[in-house]
Amino acid sequence: MPRKIIHVDMDAFYASVEQRDDPRLRGHPVAVAWGGKRSVVLTASYEARPHGVRSAMPLYRALERCPDLRVVEPRFEAYREVSAQVREIFARYTPLVEPLALDEAYLDVTDPLTGGPSATRIAAGIRAAIRARTGLTATAGVSVNKFLAKLASGLNKPDGLTVLLPAEADALLAALPTADFHGIGPATARKLAAHGIHTGADLRAAPPGELTRLFGRMGEHFSRIAHGQDDRPVQPDRAPLSIGAEETYGEDLRTAQQVRAALPHLAATVERRLHRADRAGRVVILKLRFHDRTLLTRRVTLPQPVQAAEVLARVAARLVTPELLAGRGVRLVGLTAAGLTAPVPPQPTLFGAAWEEPRPR
């Protein structure tokens, strides 16, 4: 029997909560972000998006693009409360719920607790219940696996419901740019493009062995999702062990200064992902892959868990020295937060405390 998978994604979640709770924000472009110059946008309202304001964008750039942007500091207790209400609704229908973040989850409704056999009707009922309970809208995608359900939910946002069957997905996947495949980030898409792989059709035509050589086990996954295949189960209460980001460069980075300059962008991505997962990291891990494909990692354990991109980048930058590079060109830089816990209030004296010396892993 084909599985019945729903992907539910709250629409502009943090910004929507702020607009719900403060009528003065309704109808106006809103960004949820800390107020510092180095802050990044956590969520932008749909009124802000036509101005080019997006999540993970530096706040100063968002304000340049939209001078009327109303910036609101995040209130994570409010977001957690709404998230708990939404998950209570999910639990009415199935115990197989895999949260991806406060605002996003997969549900396996192949054998639902209630709602009948139609996954489409269940998704519609969930969306209606969310609106009634929270006053917010959610978009849902329905399909036979997680990859296609996630793809479906992105086709009709905000406040949409899309059913995507494998036969209907075939032509869509063939024409889809690789950068739009969930799980293929910008760096991987560039690497694929360098080998002449630009679309799902190109990905299908690539020999699986070549994809495995280039990307390891993920190459096999890329080949399968290009055909709409995804046998990953929905895993209830799956907590991430670490959250990170990495970038592969077309030209090797040659100096410690160049490597340090790459860190703020990676740190901004990690910060956004930590916020979405409602986690903070106590361990900062730097990953370097050199031109000869050798891999090196260094880590620092902090006295308090952190989320802020500025802190993550600063800690990682202290690990990058000319002696560490030893004259080798760097082709990949990665930054990861591990030792994940619930966030704690910022500690102004964090860097006055001692931490463990960096050590190889």
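Modeller: By cavity I mean a set of points, on a 1 Å grid over the protein atoms alone, where a 1.4 Å probe fits but cannot get out; lining residues have an atom within 4 Å of a point. The largest cavity has a volume of about 70 Å³, where grid points are joined across faces, edges and corners and the volume is the space filled by probe spheres set on the points. Before going on, this is a predicted model, in which local features need pLDDT of at least 70 and side-chain atom pairs count only at pLDDT 80 or more, while totals for chains, interfaces and linings use all residues. Numbering runs from 1 along each chain as its sequence is written, and side-chain values use heavy atoms, with hydrogens and water left out.

The lining of the largest cavity is made by Val8, Met10, Ser83, Val86, Arg87, Phe90, Ala101, Leu102, Asp103, Glu104 and Ala105. Strand S1 (5-10), helix H3 (76-93) and strand S6 (104-108) each give two or more residues to that lining; helices (H or I, at least four residues) and strands (E, at least two) are DSSP runs, numbered from the N terminus. H3 provides the largest share, four residues. By class, the lining has seven nonpolar, one polar and three charged residues, with Ala, Val, Leu, Ile, Met, Phe, Trp, Tyr, Cys and Pro counted as nonpolar, Asp, Glu, Lys and Arg as charged, and the others, Gly among them, as polar.

H1 and H3 pack at an angle of about 100 degrees with their axes 10 Å apart (axes are lines fitted to C-alpha atoms, for helices over the stretch in contact, and angles run from 0 to 180 degrees between N-to-C directions). The two are therefore roughly perpendicular to each other (under 35 degrees is roughly parallel, over 145 roughly antiparallel, 65 to 115 roughly perpendicular, and the rest oblique). From H1, Phe13, Tyr14, Val17, Glu18 and Arg20 meet Phe76, Ala78, Tyr79, Val82 and Ser83 in H3, contact meaning heavy atoms within 4.5 Å. That contact divides into seven nonpolar, one polar and two charged residues. Ser83 takes part in this contact and also lines the largest cavity.

The crossing of H3 and H4 is right-handed, that is, the near helix is turned clockwise from the far one by less than a right angle, anticlockwise being left-handed. Val82, Gln85, Val86, Glu88, Ile89, Phe90, Arg92 and Tyr93 of H3 touch Ile122, Gly125, Ile126, Ala129, Ile130, Arg133 and Thr134 of H4. The tally for this contact is nine nonpolar, three polar and three charged residues. Val86 and Phe90 of H3 are in this contact, and both also line the largest cavity.

Note on methods: 1 Å grid on protein atoms, 1.4 Å probe; cavity = no way out; pocket = protein on both sides within 12 Å on 5 of 7 lines; lining within 4 Å.
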